[in-house]
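Me: Let us go through the labels used for this structure and ask what each of them rests on.
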Amino acid sequence: MKRILAGMVLTAAMGFGQPNVTAWDVLKKGLAETNPDKRKQAVLALSTIGPAPEVIDLLNESLRDKEIIVRQTAAAAIGENKIRGCMPNLRAALDDVGEVAFTAAKALWDLGDRNGTQVLEDTYTGQSKKEPGMIESAVRDAKSKMRDPKKLAMIGVNEASGALLGPFSMGITMAQEALKDGGAPGRALAITTLAQECSPRAVELMYWSLGADHNALVQAATAKAIGKCGDQDAVEKLMPLLVENNVAVRYMAAGAVVRLSIGKAVPQSGK
(Lines give C-alpha, C1' and ligand atoms only; values in the text may rest on other atoms or scores of the structure.)
Protein backbone atom coordinates (compact mmCIF):
# COMPACT_ATOMS: atom_id res chain seq x y z
CA MET A 1 0.00 0.00 0.00
CA LYS A 2 2.81 2.42 0.88
CA ARG A 3 4.46 1.74 -2.47
CA ILE A 4 1.19 2.37 -4.31
CA LEU A 5 0.64 5.65 -2.47
CA ALA A 6 4.23 6.72 -3.19
CA GLY A 7 3.69 5.94 -6.86
CA MET A 8 0.51 8.01 -6.90
CA VAL A 9 2.31 10.96 -5.29
CA LEU A 10 5.15 10.73 -7.78
CA THR A 11 2.77 10.46 -10.74
CA ALA A 12 0.81 13.46 -9.50
CA ALA A 13 3.96 15.51 -9.09
CA MET A 14 5.13 14.67 -12.57
CA GLY A 15 1.73 15.49 -13.92
CA PHE A 16 2.01 18.97 -12.51
CA GLY A 17 5.47 19.35 -14.09
CA GLN A 18 7.37 19.22 -10.80
CA PRO A 19 9.45 16.02 -10.87
CA ASN A 20 12.54 17.98 -9.85
CA VAL A 21 10.82 19.25 -6.71
CA THR A 22 9.66 15.76 -5.83
CA ALA A 23 13.15 14.31 -6.38
CA TRP A 24 14.71 16.97 -4.15
CA ASP A 25 12.15 16.16 -1.47
CA VAL A 26 13.13 12.49 -1.67
CA LEU A 27 16.82 13.32 -1.29
CA LYS A 28 16.25 15.74 1.57
CA LYS A 29 14.11 13.20 3.35
CA GLY A 30 16.92 10.69 2.94
CA LEU A 31 19.44 13.11 4.41
CA ALA A 32 17.15 13.59 7.42
CA GLU A 33 16.65 9.87 8.11
CA THR A 34 17.54 8.63 11.59
CA ASN A 35 19.24 5.58 10.09
CA PRO A 36 22.84 6.57 9.16
CA ASP A 37 22.97 3.97 6.36
CA LYS A 38 20.02 5.69 4.70
CA ARG A 39 21.68 9.09 5.11
CA LYS A 40 24.85 7.65 3.61
CA GLN A 41 22.97 6.42 0.53
CA ALA A 42 21.31 9.82 0.15
CA VAL A 43 24.73 11.51 0.32
CA LEU A 44 26.07 9.24 -2.42
CA ALA A 45 23.10 10.05 -4.64
CA LEU A 46 23.28 13.77 -3.88
CA SER A 47 26.94 13.95 -4.89
CA THR A 48 26.18 12.67 -8.38
CA ILE A 49 24.08 15.74 -9.20
CA GLY A 50 27.12 17.95 -9.58
CA PRO A 51 28.36 21.19 -8.03
CA ALA A 52 25.02 22.99 -7.71
CA PRO A 53 24.92 25.47 -4.79
CA GLU A 54 22.28 23.48 -2.92
CA VAL A 55 24.26 20.27 -3.41
CA ILE A 56 27.37 21.93 -1.99
CA ASP A 57 25.44 23.20 1.04
CA LEU A 58 23.94 19.78 1.76
CA LEU A 59 27.24 17.95 1.32
CA ASN A 60 28.94 20.42 3.64
CA GLU A 61 26.20 19.66 6.18
CA SER A 62 26.88 15.95 5.75
CA LEU A 63 30.55 16.53 6.53
CA ARG A 64 29.29 17.60 9.97
CA ASP A 65 26.91 14.66 10.44
CA LYS A 66 26.97 13.08 13.91
CA GLU A 67 27.85 9.65 12.45
CA ILE A 68 31.39 8.92 11.30
CA ILE A 69 30.33 6.76 8.35
CA VAL A 70 28.17 9.56 6.94
CA ARG A 71 30.97 12.11 7.24
CA GLN A 72 33.44 9.71 5.67
CA THR A 73 31.04 8.89 2.84
CA ALA A 74 30.49 12.59 2.19
CA ALA A 75 34.23 13.21 1.98
CA ALA A 76 34.75 10.29 -0.40
CA ALA A 77 31.80 11.30 -2.59
CA ILE A 78 33.01 14.90 -2.79
CA GLY A 79 36.41 13.74 -3.97
CA GLU A 80 35.05 11.23 -6.46
CA ASN A 81 32.65 13.73 -8.01
CA LYS A 82 35.11 16.64 -7.87
CA ILE A 83 32.82 18.98 -5.90
CA ARG A 84 35.33 21.79 -5.50
CA GLY A 85 32.94 24.04 -3.60
CA CYS A 86 33.27 21.69 -0.60
CA MET A 87 37.06 21.98 -0.37
CA PRO A 88 37.12 24.40 2.61
CA ASN A 89 35.00 21.96 4.60
CA LEU A 90 37.17 19.03 3.51
CA ARG A 91 40.16 20.91 4.92
CA ALA A 92 38.28 21.33 8.19
CA ALA A 93 37.58 17.57 8.16
CA LEU A 94 41.33 16.91 8.34
CA ASP A 95 40.93 17.46 12.10
CA ASP A 96 38.14 14.87 12.36
CA VAL A 97 38.62 11.30 13.62
CA GLY A 98 41.14 9.14 11.77
CA GLU A 99 39.04 7.54 9.05
CA VAL A 100 37.25 10.79 8.20
CA ALA A 101 40.52 12.74 8.17
CA PHE A 102 42.12 10.15 5.90
CA THR A 103 39.21 10.15 3.45
CA ALA A 104 39.15 13.96 3.42
CA ALA A 105 42.90 14.00 2.73
CA LYS A 106 42.44 11.56 -0.15
CA ALA A 107 39.52 13.61 -1.52
CA LEU A 108 41.55 16.82 -1.35
CA TRP A 109 44.43 15.08 -3.11
CA ASP A 110 42.07 13.98 -5.91
CA LEU A 111 40.97 17.62 -6.19
CA GLY A 112 44.57 18.81 -6.51
CA ASP A 113 44.85 20.14 -2.95
CA ARG A 114 47.81 18.84 -0.95
CA ASN A 115 46.70 20.17 2.47
CA GLY A 116 46.04 16.61 3.59
CA THR A 117 49.49 15.28 2.72
CA GLN A 118 50.50 15.16 6.39
CA VAL A 119 47.48 12.98 7.21
CA LEU A 120 48.47 10.55 4.45
CA GLU A 121 52.03 10.45 5.73
CA ASP A 122 50.82 10.01 9.31
CA THR A 123 48.65 7.11 8.19
CA TYR A 124 51.59 5.50 6.42
CA THR A 125 53.90 5.78 9.43
CA GLY A 126 51.28 5.59 12.19
CA GLN A 127 51.41 1.88 12.92
CA SER A 128 55.14 1.93 13.65
CA LYS A 129 56.38 2.04 17.23
CA LYS A 130 59.33 4.06 16.02
CA GLU A 131 59.27 6.99 13.63
CA PRO A 132 61.87 7.06 10.88
CA GLY A 133 64.86 8.76 12.44
CA MET A 134 66.01 10.38 9.21
CA ILE A 135 62.81 12.42 9.00
CA GLU A 136 61.80 12.58 12.65
CA SER A 137 61.94 16.37 12.69
CA ALA A 138 59.33 16.50 9.95
CA VAL A 139 56.95 13.70 10.91
CA ARG A 140 54.44 14.41 13.66
CA ASP A 141 53.32 11.78 16.12
CA ALA A 142 50.88 9.91 13.92
CA LYS A 143 49.11 8.07 16.72
CA SER A 144 48.33 11.36 18.41
CA LYS A 145 47.26 13.09 15.22
CA MET A 146 45.06 10.27 14.03
CA ARG A 147 43.60 10.00 17.56
CA ASP A 148 42.58 6.39 17.23
CA PRO A 149 44.66 4.47 14.68
CA LYS A 150 42.54 1.35 15.22
CA LYS A 151 39.61 3.16 13.66
CA LEU A 152 41.53 3.23 10.38
CA ALA A 153 40.69 -0.47 10.27
CA MET A 154 39.31 -0.94 6.79
CA ILE A 155 40.15 2.33 5.07
CA GLY A 156 40.47 1.62 1.41
CA VAL A 157 38.29 -1.45 1.38
CA ASN A 158 35.11 -0.14 2.92
CA GLU A 159 32.20 1.46 1.09
CA ALA A 160 33.23 5.04 1.76
CA SER A 161 36.79 4.88 0.48
CA GLY A 162 36.38 2.51 -2.44
CA ALA A 163 38.08 -0.77 -3.30
CA LEU A 164 41.74 -1.06 -2.43
CA LEU A 165 42.92 -4.45 -3.58
CA GLY A 166 41.69 -4.33 -7.17
CA PRO A 167 43.38 -1.06 -8.20
CA PHE A 168 46.61 -2.30 -6.66
CA SER A 169 46.47 -5.34 -8.96
CA MET A 170 47.30 -7.50 -5.95
CA GLY A 171 44.08 -9.45 -5.95
CA ILE A 172 42.26 -11.04 -3.07
CA THR A 173 45.39 -12.95 -2.00
CA MET A 174 46.22 -9.86 0.09
CA ALA A 175 42.89 -9.79 1.91
CA GLN A 176 44.25 -12.02 4.68
CA GLU A 177 47.06 -9.53 5.30
CA ALA A 178 44.49 -6.75 5.58
CA LEU A 179 42.55 -8.73 8.16
CA LYS A 180 45.67 -9.47 10.23
CA ASP A 181 46.46 -5.78 10.52
CA GLY A 182 43.47 -3.47 10.29
CA GLY A 183 45.59 -0.41 9.60
CA ALA A 184 47.40 -1.98 6.66
CA PRO A 185 44.88 -1.02 3.94
CA GLY A 186 45.07 2.62 5.00
CA ARG A 187 48.87 2.59 4.97
CA ALA A 188 48.96 0.91 1.58
CA LEU A 189 46.44 3.34 0.11
CA ALA A 190 48.33 6.28 1.62
CA ILE A 191 51.63 5.42 -0.05
CA THR A 192 49.90 4.64 -3.33
CA THR A 193 48.37 8.11 -3.25
CA LEU A 194 51.66 9.80 -2.32
CA ALA A 195 53.40 7.91 -5.13
CA GLN A 196 51.29 9.74 -7.68
CA GLU A 197 53.70 12.67 -7.41
CA CYS A 198 56.91 10.90 -6.37
CA SER A 199 58.07 13.74 -4.13
CA PRO A 200 61.49 13.31 -2.48
CA ARG A 201 59.76 13.08 0.90
CA ALA A 202 57.43 10.32 -0.31
CA VAL A 203 60.40 8.37 -1.67
CA GLU A 204 62.17 8.79 1.64
CA LEU A 205 59.17 7.32 3.42
CA MET A 206 59.08 4.40 0.98
CA TYR A 207 62.68 3.47 1.71
CA TRP A 208 62.09 3.75 5.43
CA SER A 209 58.99 1.59 5.25
CA LEU A 210 60.82 -1.29 3.58
CA GLY A 211 62.55 -1.98 6.87
CA ALA A 212 60.01 -0.62 9.33
CA ASP A 213 56.66 -1.98 8.11
CA HIS A 214 56.48 -5.77 7.87
CA ASN A 215 52.89 -6.14 6.73
CA ALA A 216 52.87 -7.86 3.34
CA LEU A 217 50.11 -5.66 1.92
CA VAL A 218 52.09 -2.52 2.78
CA GLN A 219 55.37 -4.04 1.58
CA ALA A 220 53.84 -4.91 -1.78
CA ALA A 221 52.32 -1.44 -2.15
CA THR A 222 55.65 0.12 -1.17
CA ALA A 223 57.60 -2.00 -3.65
CA LYS A 224 55.19 -0.98 -6.38
CA ALA A 225 55.54 2.69 -5.41
CA ILE A 226 59.34 2.46 -5.42
CA GLY A 227 59.19 0.88 -8.87
CA LYS A 228 57.38 4.00 -10.02
CA CYS A 229 59.28 6.63 -8.05
CA GLY A 230 62.73 5.23 -7.32
CA ASP A 231 65.96 5.25 -9.25
CA GLN A 232 68.78 2.80 -9.92
CA ASP A 233 69.93 3.04 -6.28
CA ALA A 234 66.57 1.65 -5.17
CA VAL A 235 67.31 -1.71 -6.77
CA GLU A 236 69.68 -2.68 -3.98
CA LYS A 237 67.02 -1.84 -1.39
CA LEU A 238 64.45 -4.01 -3.16
CA MET A 239 66.63 -7.06 -3.73
CA PRO A 240 66.07 -8.58 -0.23
CA LEU A 241 62.35 -8.77 -1.01
CA LEU A 242 63.02 -11.18 -3.88
CA VAL A 243 63.32 -14.00 -1.35
CA GLU A 244 60.20 -13.08 0.64
CA ASN A 245 57.81 -15.95 1.37
CA ASN A 246 54.80 -13.85 0.43
CA VAL A 247 54.44 -14.14 -3.33
CA ALA A 248 52.68 -10.80 -3.75
CA VAL A 249 55.61 -9.01 -2.11
CA ARG A 250 58.19 -11.06 -3.97
CA TYR A 251 56.63 -10.57 -7.38
CA MET A 252 55.89 -6.88 -6.87
CA ALA A 253 59.49 -6.30 -5.79
CA ALA A 254 60.74 -8.24 -8.81
CA GLY A 255 58.60 -6.13 -11.11
CA ALA A 256 59.91 -2.96 -9.51
CA VAL A 257 63.53 -4.12 -9.90
CA VAL A 258 62.99 -4.88 -13.58
CA ARG A 259 61.30 -1.56 -14.19
CA LEU A 260 64.05 0.38 -12.47
CA SER A 261 66.80 -1.63 -14.15
CA ILE A 262 65.54 -0.82 -17.62
CA GLY A 263 65.17 2.85 -16.75
CA LYS A 264 61.40 3.16 -16.83
CA ALA A 265 61.00 4.80 -13.43
CA VAL A 266 59.26 8.13 -13.22
CA PRO A 267 61.83 10.83 -12.35
CA GLN A 268 61.51 12.20 -8.85
CA SER A 269 60.31 15.79 -8.63
CA GLY A 270 63.03 18.21 -7.70
CA LYS A 271 65.78 16.17 -9.34
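Me: What percentage of the 271 residues of the chain count as buried?

Reply: In this predicted model, 48% of the 271 residues count as buried, a label that requires under 20% relative accessible area. The chain has 15 helices and 0 strands.

Me: Why is Cys198 called buried?

Reply: The relative accessibility of Cys198 is 1%, and the label buried applies under 20%, so Cys198 counts as buried. Cys198 is found in the loop between helix 11 (184-194) and helix 12 (200-212).

Me: What makes the phi of Cys198 worth noting?

Reply: Most residues other than glycine have a negative phi, whereas the phi of Cys198 is near 55°, a positive value in a residue other than glycine.

Me: Why is Asp233 called exposed?

Reply: The value for Asp233 is 56% relative accessibility, and exposed means over 50%, so Asp233 counts as exposed. Asp233 has its place in the loop between helix 13 (216-229) and helix 14 (234-238).

Me: How far apart are Asp233 and Ser261 in sequence and in space?

Reply: Asp233 and Ser261 are separated by 28 residues in sequence and by 9.7 Å in space, taken from C-alpha to C-alpha.

Note on methods:
Residues numbered from 1 in each chain as written. Predicted model: local features only at pLDDT ≥ 70, side-chain atom pairs only at ≥ 80, totals over all residues. Heavy atoms only, no water. Helix = DSSP H or I, 4+ residues; strand = E, 2+ residues; numbered from the N terminus. Buried < 20%, exposed > 50% of the residue type's maximum accessible area, 1.4 Å probe, protein only.
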